[in-house]
Amino acid sequence: MRISALPDGLPTVIEYDGNGAILDTVRDNRAAIRSLITEQGAVLFRGFDVGGVEGLHRVVRALSGEPLDYTERSSPRSSLSGNVFTSTDYPENEEIFLHNECSYQQNWPMKVYFYCLTPAATQGATPFADVRRVLDHIDPAVVEEFTRRKWSYVRNFGAMGGTWQYFYDTDDRAEVERYCAAQNIQVEWIGADGLRTRAVRDAVRRHPVTGADVWFNHATFFHVDTLPAVYREEMLDMFGSENLPTNSYYGDGGEIPAEVTKHLQEAYRAASTRFDWQRDDLVVIDNMLTAHGREPYTGARKIAIAMAEASDAAVGTP
Ligand SMILES: [Fe+2]
């Protein structure tokens, strides 16, 4: 294994050194690679012949075990093969803001894999931000307020915001209620076929292996102010603020002031790094240490994603 760094820092690179297939490298150096991911937050395998989506599957199994299913869908995705998905089908001319995958859930994947099948023609990077550094960039008074009040997210399902049947993959209200109760999500049925859910979560969490405090939440990502300006106005006109498909608040339901959301956006951006994808690049992130986003792009960009290692099963060893 040859380890090097990109100009922007993240991710750390494991370069092909001319010996063996990626699967041999992963199997022979499994413990060292896992430690590297937990220290650095993101590792890029470059120059290997990964072998397409099936090859990605094999690497995930060798390094993490079986990939996880994608439960509470927050963005449109298509399945490529089993639990390997397209990164997202979100419009290509829009940025996707930095976030830690599924940090709004009660459980989340500890590892996320990104695999470049086709790079974009222009832009299309997956920026990364070390959320230990994001936390350092946030005013301590803001951190204190979120630690005390926590944060919450509200979802409204209906014809325009996507249906609850699609989201929860069932037509059965009782099943939705059972799932939500188990996930600490409050449920409110509205009108004939509407549903509003609300969940309160911690904003700062402790990494189970390193013990580091991390800014780990979707308070910025889900906030209406983080939507592109053109959508924000349209959505507010169409739904009104309390019926938005998603929005975030403090845990007690209080509004997060615009200047606080702006400050949080700036903290993420200050910690953000980027690199250009090359075909067959494979990145593994520690999802509690590293947030990811997506630049707008042109061209036929295709990134496969897999999630692994449920947080409730994390046992404190890398
Ligand atoms: Fe994501």
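Is Phe128 buried or exposed, and what is its relative accessible area? In this predicted model, Phe128 is buried, because its relative accessible area is 0%, and buried means under 20%.

## Aromatic pairs around Phe128

Phe128 takes part in two ring pairs described here, one with Phe114 and one with Phe275. The rings of Phe128 and Phe275 have centres 6.3 Å apart and planes at 15°, so this pair is stacked. Phe128 belongs to strand β9, while Phe275 is in the loop between β16 (272-273) and β17 (282-286). The two residues are 147 residues apart, and their pair links distant parts of the chain. Phe275 counts as buried, since its relative accessibility is 6%.

The structure holds 19 aromatic pairs. Among them is the pair of Phe114 and Phe128, which is edge-to-face because the planes stand at 65°, with ring centres 6.0 Å apart. Phe114 lies in strand β7 (residues 109-118) and Phe128 in strand β9 (residues 128-130), so the pair ties together parts that are 14 residues apart in sequence. Phe114 has a relative accessibility of 3% and therefore counts as buried.

## Other ring contacts

Another group of rings forms a cluster: ring pairs link Tyr104, Trp151, Tyr153, Phe221 and Phe222.

Arginine side chains also meet rings. Arg149 lies over the face of Tyr250, and its distance from the ring centre is 3.9 Å. Over the ring of Tyr297 sits the charged end of Arg301, 5.4 Å from the ring's centre.

## The iron site

Which residues are the protein donors of the iron ion? They are His99 and His292, each through NE2, and Glu101 through OE. These donors lie 2.1 to 2.2 Å from the iron ion. Along the chain, the donors follow the spacing H-x1-E-x190-H.

His99 is in strand β6 (residues 96-99) and His292 is in strand β18 (residues 290-294), so this pair ties together parts that are 193 residues apart in sequence. Both His99 and His292 are buried.

## Two domains

The protein is divided into two domains. Domain 1 is made of residues 2-127 together with 275-313, and domain 2 covers 132-268. The C-alpha centres of domain 1 and domain 2 are 24 Å apart.

How many residues of domain 1 are in contact with domain 2? There are 28 residues of domain 1 in contact with 32 residues of domain 2. Between domain 1 and domain 2, an area of about 2,700 Å² is buried. Carbon and sulfur atoms give 58% of that area.

## Two exposed residues

Gly82 is placed in the loop between β4 (79-81) and β5 (84-86). With a relative accessibility of 52%, Gly82 counts as exposed, because the term exposed applies over 50%. Gly82 and Leu68 are separated by 14 residues in sequence, and their C-alpha atoms are 9.6 Å apart in space.

Asp28 is located in helix α1 (residues 22-28). Its relative accessibility is 63%, so Asp28 counts as exposed. Asp28 and Ile96 are 68 residues apart along the chain, and 36 Å separates their C-alpha atoms.

Key
Residues numbered from 1 in each chain as written. Predicted model: local features only at pLDDT ≥ 70, side-chain atom pairs only at ≥ 80, totals over all residues. Heavy atoms only, no water. Donors = N, O, S within 2.8 Å, 3.2 Å for Na, K, Ca; no water. Helix = DSSP H or I, 4+ residues; strand = E, 2+ residues; numbered from the N terminus. Buried < 20%, exposed > 50% of the residue type's maximum accessible area, 1.4 Å probe, protein only. Phe/Tyr/Trp six-rings, centres within 6.5 Å; stacked < 30°, edge-to-face > 60°. Lys NZ or Arg CZ within 6 Å of the ring centre and 35° of its normal. Domains from an automatic or database assignment. Contact = heavy atoms within 4.5 Å. Buried area = accessible area lost by both parts, 1.4 Å probe.
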